[in-house]
Amino acid sequence: MRIAVPLERQAGEARVALVPESVKKLVASGVEVAVEAGAGAKAGFLDQDYEAAGAKLTDHASLLQGADVLTCVNRPEPDDFKKIKTGTVIIGFLKPLDEPAALEPVVSKGLTAFAMELIPRTTRAQSMDALSSMATVAGYKAVIIAADHLPRMFPLLMTAAGTVPPAKVLVLGAGVAGLQAIATARRLGAVVEAYDVRAAAGQDVKSLGAKFLEVDLGGIETQDTGGYAKELSEEALQRGRDMVAKRAAQSDIVITTAQIPGRRAPLMLPEAAVAAMRPGSIIVDLAASTGGNCAVTRPGETIDYKGVTVMGPLNLPATVAANASQLYSRNLTSFLALINDKGNLKIDLADDILKGACVAYQGGNVHPKVAAALGQPASQAKES
Ligand code: NAD
């Protein structure tokens, strides 16, 4: 089996799917690894490092044509799909829930595709959980960019010229990204408080030395069996928003991370709540790519809204490309072990992880959301 690693071409992308450390392990396991020249350069991994790890360097077209398994960070471009041979397995962040129609070539070309976003959150799959890896990096970097724009310091300082009070940080959504944001802000010396609809997150927040804000949601179920938040009623959302608006007005930085898989991100900071924040305050909206938690966020931009800086970064992990690639590469390598039978490709869809992550198998067994977007009859779609 030949595993291929392309140079990612999406604007602003600097990550690479596999780093030399993983290539070495894969080659030792009996597979061939082909890497596009320059694939790791922006993340600090040089062509010679890949060659030393046992990879063969190649150009873009030969890489796509010769791949049995194409590992990627982002979904291949439409033009790339034309060059990939029938039967190739594609693994990466393929956005099957957000942009299902874009996976049409997977079906029409008889490809097999596994989406890293769909890997089930089970104990066995923990080492493959790329969403968590990237959320960790994003949560960290969100605090760093906020600190860079804040006209204040984070720690409490007692100096001969007087006391400098600590920065106040509010984190909305205490999942993987939110918890890393809390930990990073605490390390820099800020006073941190956080809110999440899942009461279970309270323990994690407190263990990081932050205050957990509670809202009476009338005892409704807020968490699904996968540990993700459920979509809330408008009334429950409003109760959260009322509390958030009060706390945001007292904060120097608000970092929002609230998401619901496959749905628009919940609105947590309406325009009035932003307008009530102090000039000089910062909002970093990590949900910008799924509609934003803040009403004035512009995805991919940094704007000034009545003196408040509102940032909507779309790909923070790419700005920490070395570590983000290293973590992603390890996640991918764990996943690849499931389809690597002594160097040969073997896919057993009875495996719960492969079944869960599968978007299509040889053009069939199509994920229900993708099938629906392509107008395929339900009988051709896989059972969910
Ligand atoms: P996510 O990115 O989907 O959402 C981020 C956070 O936003 C979540 O904590 C969610 O509860 C919160 N949220 C959603 N709507 C909200 C609202 N209206 N108001 C306030 N908060 C809201 O989630 P995630 O960070 O990927 O993970 C969520 C959960 O999954 C966590 O409990 C995490 O520990 C768990 N998890 C489990 C595994 C595993 O078992 N292998 C791996 C990773 C994460």
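Biologist: What should I know before I start?

Modeller: The model is predicted, so local features need pLDDT of at least 70, side-chain atom pairs count only at pLDDT 80 or more, and totals for chains, interfaces and linings use all residues. Residues are numbered from 1 along each chain as its sequence is written, and side-chain values use heavy atoms, with hydrogens and water left out.

Biologist: How do I read helix 6 and helix 11, and at what angle do their axes cross?

Modeller: Two packed helices are described by the angle and the distance between their axes. Helices (H or I, at least four residues) and strands (E, at least two) are DSSP runs, numbered from the N terminus. Axes are lines fitted to C-alpha atoms, for helices over the stretch in contact, and angles run from 0 to 180 degrees between N-to-C directions. Here, helix 6 (residues 130-149) and helix 11 (residues 321-336) have axes that come within 9 Å and cross at roughly 170°. The two are therefore roughly antiparallel (angles over 145 degrees).

Biologist: Which residues of helix 6 and helix 11 meet?

Modeller: Ala130, Ser133, Met134 and Val137 of helix 6 meet Ala324, Leu327, Tyr328 and Asn331 of helix 11.

Biologist: What is the strand order in the open sheet?

Modeller: The order is 3-2-1-4-5-6-18, with mixed pairing. Two strands pair if DSSP finds at least two bridges between them. Strand 3 (56-58) and strand 18 (358-360) are the edges, each pairing on one side only. Helix 11 packs on this sheet, touching strand 1, strand 4, strand 5 (89-93) and strand 6 (112-115).

Biologist: Which residues touch the most other members of the largest nonpolar core?

Modeller: A nonpolar core is a set of buried Ala, Val, Leu, Ile, Met, Phe, Trp, Tyr and Cys residues joined through side-chain atoms within 4.5 Å. Buried means under 20% relative accessible area, exposed over 50%, partly exposed in between (1.4 Å probe, protein chains only). The largest core has 46 residues, and Ile91, Phe114, Tyr328 and Phe335 touch the most other members. Helix 11 gives the most to this core, with 6 residues.

Biologist: Is Gln362 buried or exposed, and what is its phi?

Modeller: Most residues other than glycine have a negative phi. Gln362 has a positive phi, near 45°, and counts as exposed at 52% relative accessibility. Asn365 also has a positive phi, near 50°, but counts as partly exposed at 34%. Gln362 lies in the loop between strand 18 and helix 13 (368-373), and Asn365 is found in that loop too.

Technical notes. Angles under 35 degrees count as roughly parallel, over 145 as roughly antiparallel, 65 to 115 as roughly perpendicular and the rest as oblique. Contact means heavy atoms within 4.5 Å.
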